[in-house]
Amino acid sequence: MPKMKTHRGTAKRFRVTGSGKIMRSKQGRNHILEKKSQKRKRNFRHETEVSAADKKVVERNLGLR
């Protein structure tokens, strides 16, 4: 059986913590920033955990399953 390959697009967008959580960055911080408040833009900096519904697909693409 051949090696499993990591989906490179997924690898650039997600990271796995030491405890096994899959983290993603928040959407909405790339353009059209003038109308967004400073508080809202500041909150885009923090990462969030991937939802349970998406976790299985992301793990497969990262080669964890």
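Tutor: A helix here is a DSSP run of H or I with at least four residues, numbered from the N terminus. In this predicted model, the place of E59 is in helix 3.

Student: Why is E59 called buried?

Tutor: Buried means under 20% relative accessible area. E59 has 13%, so E59 is buried.

Student: What makes the buried residues of helix 3 a face of the helix?

Tutor: Helix 3 covers residues 52-62, and its buried residues are V58, E59 and L62. Viewed along the helix axis, these buried residues fall within an arc of 105°, so they line one face. On the other side of helix 3, A53, K56, V57 and R60 are exposed.

Student: What covers the buried residues of helix 3?

Tutor: The cover includes helix 1 (8-13), strand 1 (14-16) and strand 2 (22-25). For E59 itself, leaving out residues up to four places away in sequence, the residues touched are I22, L64 and R65.

Student: How many salt bridges does a search of the whole structure find?

Tutor: The search finds 2.

Student: What does the pair of E47 and R15 tie together?

Tutor: E47 lies in strand 3 (residues 47-49) and R15 in strand 1, so the pair ties together parts that are 32 residues apart in sequence.

Student: Why are E47 and R15 called partly exposed?

Tutor: Partly exposed lies between the 20% cut-off for buried and the 50% cut-off for exposed. E47 has 35% relative accessibility and R15 has 42%, so both count as partly exposed.

Student: What makes strand 1 and strand 3 edge strands?

Tutor: The open sheet has 3 strands in the order 1-2-3, with antiparallel pairing. Strand 1 and strand 3 each pair on one side only. From one strand to the next, the twist averages 35°.

Student: How do you know that strand 1 and strand 2 pair?

Tutor: Pairing requires at least two DSSP bridges between two strands. Strand 1 and strand 2 run antiparallel and are joined by 3 bridges, so they meet the requirement. V16 stands opposite I22 in strand 2.

Student: Why is the protein chain called more spread out than a compact globule?

Tutor: The protein chain has 3 helices and 3 strands, in the pattern α-β-β-α-β-α along the sequence. The globule rule gives 11 Å for 65 residues, and the radius of gyration is 15 Å, well over that value, so the chain is more spread out than a compact globule. Along its principal axes, the C-alpha trace spans about 50 × 25 × 20 Å. Buried residues make up 17% of the 65 residues.

Student: What share of the contacts with a separation of 6 or more comes from residues 24 or more positions apart?

Tutor: Such residues account for 55% of those contacts in the protein chain.

Note on methods:
Residues numbered from 1 in each chain as written. Predicted model: local features only at pLDDT ≥ 70, side-chain atom pairs only at ≥ 80, totals over all residues. Heavy atoms only, no water. Buried < 20%, exposed > 50% of the residue type's maximum accessible area, 1.4 Å probe, protein only. Helix = DSSP H or I, 4+ residues; strand = E, 2+ residues; numbered from the N terminus. Arc of directions from axis to C-beta. Contact = heavy atoms within 4.5 Å. Salt bridge = Lys/Arg side-chain N within 4 Å of Asp/Glu carboxyl O. Axes fitted to C-alpha atoms, helices over the stretch in contact; angles between N-to-C directions. Rg over C-alpha atoms; globule rule 2.2 N^0.38 Å.
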